[in-house]
Amino acid sequence: MMARARVARSFPASSAIDRATYDPEMKALDIFYAGGDRYCYFGVPQEVYDALCAAPSAGAFVNQIVKPHFRYQIESRRRRFRPAEDES
């Protein structure tokens with residue numbers, strides 16, 4: 001079985017968005033926010049992902065174009081480290 005091609009891009013100039021990945025076969029856009037949350041938007045055309053990558057402000061583009069028009073699912077931020085074990 002062949003692995004699907006995912007396209008990834010980071011947004012170092014954005015204070016809101018860390019990175020985004022796009023699956024053209026599934027038309028799924030995953031946006032990883034600076035705070036750690038991941039939103040997966042469904043039914044996103046390739047043209048919208050391309051426009052996001054070219055936008056002068058990734059955060060503004062997502063707020064104006066992506067959020068109001070595409071269904072999404074939120075994956076809450078992940079813990080990067082396991083909590084300390086209680087030694088009592």
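User: Let's start with a residue I keep clicking on. What relative accessible area does I74 have?

Analyst: I74 has a relative accessible area of 43%, so it is partly exposed. Under 20% is buried, over 50% is exposed, and partly exposed lies in between (1.4 Å probe, protein chains only). Please keep in mind that this is a predicted model: local features need pLDDT of at least 70, side-chain atom pairs count only at pLDDT 80 or more, and totals for chains, interfaces and linings use all residues. Residues are numbered from 1 along each chain as its sequence is written, and side-chain values use heavy atoms, with hydrogens and water left out.

User: Where does I74 lie, and which residues is it in contact with, leaving aside its neighbours within four places in sequence?

Analyst: I74 lies in strand β5; strands (E, at least two residues) and helices (H or I, at least four) are DSSP runs, numbered from the N terminus. Beyond those neighbours, I74 contacts R38 and Y39, where contact means heavy atoms within 4.5 Å. R38 is 36 residues away from I74 in sequence, yet their C-alpha atoms are 6.0 Å apart.

User: How do I read the sheet, and what is the order of its strands?

Analyst: In general, strands of a sheet pair through backbone hydrogen bonds, either parallel or antiparallel. Two strands pair here if DSSP finds at least two bridges between them. In this model, 5 strands form an open sheet in the order β1-β2-β3-β4-β5, with antiparallel pairing. At the edges are β1 and β5 (72-75), each pairing on one side only. Ignoring direction, neighbouring strands of the sheet are turned by 15° against each other on average.

User: How many bridges join β2 to β3, and how many does β2 share with β1?

Analyst: β2 and β3 (residues 28-33) are joined by 6 bridges and run antiparallel, while β1 (residues 7-10) pairs with β2 over 4 bridges, also in the antiparallel sense. β1 and β2 form a hairpin with 6 residues between them.

User: What about D23, buried or exposed?

Analyst: D23 is buried, with a relative accessible area of 1%. It stands opposite A28 in β3. The D23 side chain also reaches the backbone nitrogen of M26 at 3.1 Å; a polar contact is a pair of N or O atoms within 3.5 Å, where within protein one must be able to donate a hydrogen and the other to accept it, and residues adjacent in sequence count only if both atoms are side-chain atoms.

User: Which phi does K27 take in the hairpin of β2 and β3?

Analyst: Most residues other than glycine have a negative phi. K27 is not a glycine, yet has a positive phi of about 55°. The hairpin has 4 residues between its strands, and K27 sits in that loop. K27 is partly exposed, at 41% relative accessible area.

User: Finally, at what angle do α1 and α2 pack?

Analyst: Two packed helices are described by the angle between their axes and the distance between the axes. α1 (residues 46-54) and α2 (residues 58-66) pack at about 150°, their axes 8 Å apart. That makes α1 and α2 roughly antiparallel, since angles over 145 degrees count as such, under 35 as roughly parallel, 65 to 115 as roughly perpendicular and the rest as oblique. Where they meet, V48, A51 and L52 of α1 touch A58, F61, V62, I65 and V66 of α2.

Notes
Axes fitted to C-alpha atoms, helices over the stretch in contact; angles between N-to-C directions.
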